[in-house]
Amino acid sequence: LVSIRFRTDRRMRMESSYTGHAEGAGILVDAERGLVLTDRHSAPQSLGDVEVTLAGVATVDAEVLFVHPLHNLVMLRCEPTAFGSLR
């Protein structure tokens, strides 16, 4: 389980948040490829900064890899080397 923090410029605010930021949780799906699965409330769009906190210890930057157009799913990608130190 990882923590996710999303921030964007207020001019690009999302339908669910008028402040331009969101927080939530996700699941580490593939540590070797740095893939994290979360919901669209945690990372609602690809225009913004995403940070993933691993085990409450290490915080790394992430990017939105895929937003499912119908379902509430988002795939994030982090630098895989960040997960290696936590094994």
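**Core, surface and salt bridges in a predicted model**

Student: In this predicted model, which residues of the largest nonpolar core touch the most other members?

Tutor: The largest nonpolar core has 16 residues, and the elements that give two or more residues to this core are strand S1 (2–7), strand S4 (49–54), strand S5 (58–67) and strand S6 (74–78). Within this core, the residues that touch the most other members are Ile4, Val36, Val50, Val52 and Leu76.

Student: Which residues are in contact with valine 50, leaving aside its neighbours within four places in sequence?

Tutor: Val50 is one of the core residues that touch the most other members. Once the neighbours within four places in sequence are left aside, the residues in contact with valine 50 are Ile4, Arg5, Phe6, Val60, Asp61, Ala62, Val64 and Leu76.

Student: What pattern does the chain follow when it is read along the sequence?

Tutor: The chain contains one helix and six strands. Read along the sequence, these elements follow the pattern β-β-β-β-β-β-α.

Student: Is leucine 1 buried or exposed?

Tutor: Leucine 1 lies in the segment before S1, and together with Ile27, Val29, Leu37 and Leu73 it makes a nonpolar surface patch of about 480 Å². A residue counts as exposed when its relative accessible area is over 50%. Because leucine 1 has 79% relative accessibility, it counts as exposed.

Student: How many residues apart in sequence are the parts that glutamate 23 and arginine 5 tie together?

Tutor: Side chains of opposite charge can pair when their charged atoms come close. Glutamate 23 and arginine 5 form a salt bridge, with their closest N and O atoms 3.2 Å apart. Since glutamate 23 lies in strand S2 (residues 21–30) and arginine 5 in strand S1, the parts that this pair ties together are apart in sequence by 18 residues.

Student: Which strands hold glutamate 51 and arginine 7?

Tutor: Glutamate 51 forms a salt bridge with arginine 7, and the closest N and O atoms are 3.6 Å apart. The pair ties together parts that are 44 residues apart in sequence, because glutamate 51 and arginine 7 lie, respectively, in strand S4 and strand S1.

Student: How far apart are the closest N and O atoms in the salt bridge between arginine 77 and glutamate 63?

Tutor: A search of the whole structure finds four salt bridges, and a salt bridge requires the nitrogen and the carboxyl oxygen to be within 4 Å. In the salt bridge that arginine 77 forms with glutamate 63, the distance between the closest N and O atoms is 2.3 Å.

Methods: Residues numbered from 1 in each chain as written. Predicted model: local features only at pLDDT ≥ 70, side-chain atom pairs only at ≥ 80, totals over all residues. Heavy atoms only, no water. Core = buried A, V, L, I, M, F, W, Y, C linked by side-chain atoms within 4.5 Å. Buried < 20%, exposed > 50% of the residue type's maximum accessible area, 1.4 Å probe, protein only. Helix = DSSP H or I, 4+ residues; strand = E, 2+ residues; numbered from the N terminus. Contact = heavy atoms within 4.5 Å. Patch = residues over 30% accessible without salt bridge, like charges linked within 9 Å, V, L, I, M, F, W, Y side chains within 5 Å. Areas by Shrake-Rupley, 256 points an atom, 1.4 Å probe, with all protein chains shown as cover. Salt bridge = Lys/Arg side-chain N within 4 Å of Asp/Glu carboxyl O.
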